[in-house]
Amino acid sequence: MSKAELIRLAVIVFLIGMLEALCRTGIIPTITAIPPSAMFEALFKILASGKFNQDIAVTLRNVSVAITAAMLVGIVLGTLLQSLPAVRRIFDPLFATYYAVPMYAFYPLLIVVLGLGDLPQIAIGFLLAVVAVLLNTLNGLDRVPPVLLKTAQVHRLGLIRTALKVRLPFAAPYIFTGFKLAVAYSFIGVIGAEFITSNRGIGYEIAFAYNNFDNRVMYPMILLVLMVVITVNMSLHHWEKRLMERRLR
């Protein structure tokens, strides 16, 4: 492990230890939070019992669909906009203010259009994630060296083959950054939407536990989300590092 990773791990361990001590000594009351060790214990019992397996599966499926859609649409739109400077100049101010718009304000409209199923939740996750992918795709494509584009012209690759063989491979590290953001935003969007009207999913169970002061369900489910997101992002980070190492050889 690098020095930065060791320091990061030490800080995390210290903060968890502090929270454990504060909860165990009663400085933080049990009705407010439970110790991290109790969170892990309760999470193990929840997963072993299978009580919330269906809710977990529904949320993970919806998040996966939102991430996949955001990646596909974001990369395609980013590639098209980078090839159309005039159109991009029109949309750039909109992208700059996109995240100032409260997406959940559109949730009632999405329910009217898409119904009461899982689609509105997927749509919220998609809307939060897609622009992050699009902006990072544009950021990567803007950095493609002109010599590579001239080489593609010499070989008469055409727009689509140039994008697939030159532009997108070069922009891959930046697209990976968009992928990591899409994971976080999709979880936020889907779980947040499940808080509002859904009758299943991790977000619903967290909201239900919160309203009933059931910390032995609420905190373990939050911990589960954190563990999944951290695992996915760490895997993507490792993959990104290997990609960069290959490029530098």
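Helices are DSSP runs of H or I with at least four residues, numbered from the N terminus. The structure is a predicted model, in which local features need pLDDT of at least 70 and side-chain atom pairs count only at pLDDT 80 or more, whereas totals for chains, interfaces and linings use all residues. Residues are numbered from 1 along each chain as its sequence is written, and side-chain values use heavy atoms, with hydrogens and water left out.

Valine 76 lies in helix H3 and is partly exposed because its relative accessibility is 48%, between the limits for buried (under 20%) and exposed (over 50%; 1.4 Å probe, protein chains only). Helix H3 also holds asparagine 62, which is buried at a relative accessible area of 0%. Contacts of asparagine 62 (heavy atoms within 4.5 Å) include Asp118, Gln121 and Val190, residues up to four places away in sequence not being counted.

The largest nonpolar core comprises 53 residues, and Ile124, Phe187, Ile202 and Met221 have the most contacts inside it. Such a core is a set of buried Ala, Val, Leu, Ile, Met, Phe, Trp, Tyr and Cys residues joined through side-chain atoms within 4.5 Å. Among the helices that each supply at least two residues of this core are H2 (36-49), H3 (53-83) and H11 (215-248); the greatest contribution, 10 residues, is that of H6. Beyond four places in sequence, methionine 221 touches Ile46, Phe52, Ile56, Ile202, Glu205 and Ile206.
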